[in-house]
Structure formats: C-alpha cells, structure tokens
Amino acid sequence: MALSVTTALTGCSDTGGGRGTASEGPREGRWQPRPGLAWQWQLNGKVDPAAADVPVYDIDGFENDAADVARLHRAGRKVICYINVGAWEDYRPDKDAFPRSVLGGPNGWQGERWLDIRRISLLRPIMERRFDMCREKGFDAVEPDLVEGYGDDTGFPLTARDQLRYNRMIADIAHERGLAVGLKNDLPQIPQLVDDFDFAVNEQCAQYGECARLTPFIEAGKAVFHVEYTEPAHRFCPESRRLGLSSMQKKWELGTWRRAC
C-alpha cells in the first residue's frame with residue numbers, strides 16, 4: 001500500500017470526477033475499464049456504496065463479503081478486489097498456507113513480510129485460491145498489490161526478470177477466472193506488461209513526476225486509477241486530466257474520504 005484545497009480553487013469535488021458508465025468496454029468476456037472512469041478506493045472500514053457516486057469501487061477482498069459486492073452491484077458499481085500478492089500478512093486467514101521459506105524481510109507495513117516471488121510452484125496455488133475467493137464473491141476485477149519487490153530490499157536477490165514472470169502469472173490467474181486485473185505501480189515494467197494487464201493502479205506518480213510513464217495504458221484504451229496523498233489537488237489535477245488519468249486525492253488510511261479531479 002503505499003491528502004485539501006477548496007473546490008473553488010481546484011475544480012475538484014469530494015464525489016465528482018466524471019461519473020461515466022461502469023459498463024464501458026466489451027459487453028462479453030471480462031470487464032475492460034476505459035480511461036476517465038471515476039473510482040473510489042476504500043481499504044479500511046465497512047464499505048459504503050453511498051460514499052462516492054462513482055462507477056468503480058476498489059475494496060479489500062478479505063474484509064468484504066459477497067453481500068457487500070452485491071450491494072455495490074445493485075448500486076451500479078463495478079467492484080475491484082484488493083489482494084496482496086507480493087507480501088505475507090500475519091492478519092489474513094490464510095497466513096498459515098505460506099511456507100516459511102518464502103517469507104523475506106519486513107516491507108514497512110506492520111505484520112507484513114516480502115515474498116520470494118521466484119518460488120512460483122509454492123505461491124501459485126495460494127494466489128489461485130485467493131483469486132477464487134474474489135471470483136466467488138462476485139468481484140469484477142483484481143488489484144494485486146506489491147508487484148515490484150525486485151526494486152526493494154526484500155531479503156531475496158530478485159531480478160526484473162523474476163518480477164515479469166511473477167506478474168504475468170498473476171495476470172494469467174485472474175484472466176483464467178474471467179477477472180480483469182490491474183498493474184499496481186511498477187512503472188519501469190509498463191512497456192513489457194501493458195498487454196498483460198487490463199488497467200493500472202498508481203500511487204503518487206505526480207509527487208515523483210512520473211505520471212507520463214502511464215501513457216501506454218491510456219493509449220491502449222485502458223484506465224489508469226491514480227491517487228495522491230500529500231500533493232494538493234490543484235497541483236496534479238490539470239496534468240491528470242490532460243493525460244486521461246482517473247485521479248483523486250486520498251488520506252493514507254484509505255477510508256471513505258476522497259477528493260477527485
């Protein structure tokens with residue numbers, strides 16, 4: 001996982017951002033979110049379908065049940081299943097399914113440790129069960145988190161090639177279940193992975209001056225769901241609109257509050 005200025009100054013609103021239509025894209029097969037779709041990202045607290053009048057909700061796959069997903073669907077939303085695929089979390093119900101040999105160093109979040117993504121034969125069945133859960137709960141897509149461990153100090157000698165192999169496996173697992181899948185961050189590998197993923201999710205590209213690197217997704221007709229935490233909206237919204245990103249400002253705890261471009 002990796003805040004406001006007034007609406008009058010920014011042209012932003014707490015629930016705005018170009019409502020669009022959640023069903024944009026192919027009517028058959030998996031969902032393909034198109035550039036410009038507004039979204040809500042809520043990973044903490046009970047999901048509130050009325051918190052944002054937007055067509056896409058991204059929520060925690062473990063913390064929300066099928067009834068929560070169905071409630072969002074009745075409200076006309078598409079729903080993305082947040083799942084951590086790059087780190088072990090000691091608070092998840094399947095924590096004991098991970099062999100100790102795949103657990104690396106801490107990743108900076110309490111109770112989490114990096115995974116040895118080279119151990120495909122050990123990790124694939126676990127991730128398949130997690131994505132089965134997303135499908136069975138009725139989710140439309142998956143947001144797999146922490147798919148750029150090769151650029152961090154994980155405790156393992158991970159390479160860019162290891163990451164490409166793992167990320168493509170993750171995309172395949174989602175697609176085999178009819179789920180759309182987003183590439184989370186991992187900007188350096190976008191050129192190699194844009195064809196494997198259906199959309200992108202990005203944190204803080206404006207803060208680091210990197211949003212233009214997400215252009216391949218937009219050019220491919222695929223949404224880029226983007227958040228900033230510390231950058232004021234008036235600093236990033238003009239460029240976000242120019243690039244076609246689905247951008248908003250969120251607080252670090254990723255509750256219901258949002259300020260969309």
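Cysteine 261 is buried in this predicted model, because its relative accessible area of 17% falls under the 20% cut-off. The torsion about the S-S bond here is -80°, and the link is left-handed.

A disulfide is a covalent bond between the sulfur atoms of two cysteines. How many disulfides does a search of the whole structure find? The search finds three.

Another of them joins cysteine 81 to cysteine 134, with an S to S distance of 2.1 Å. This pair links distant parts of the chain: cysteine 81 belongs to strand β3 (residues 78–84) and cysteine 134 to helix α3 (residues 120–136), 53 residues apart. The link of cysteine 81 and cysteine 134 is left-handed, with -60° about the S-S bond. Cysteine 81 has a relative accessible area of 0% and is buried; cysteine 134 is also buried, at 0%.

The remaining pair is cysteine 205 and cysteine 211, whose sulfur atoms are 2.0 Å apart. Its torsion about the S-S bond is about 85°, so this disulfide is right-handed. Cysteine 205 is buried at 0% relative accessible area, and cysteine 211 is buried at 3%.

Terms used:
Residues numbered from 1 in each chain as written. Predicted model: local features only at pLDDT ≥ 70, side-chain atom pairs only at ≥ 80, totals over all residues. Heavy atoms only, no water. Disulfide = S-S within 2.5 Å. Helix = DSSP H or I, 4+ residues; strand = E, 2+ residues; numbered from the N terminus. Buried < 20%, exposed > 50% of the residue type's maximum accessible area, 1.4 Å probe, protein only.
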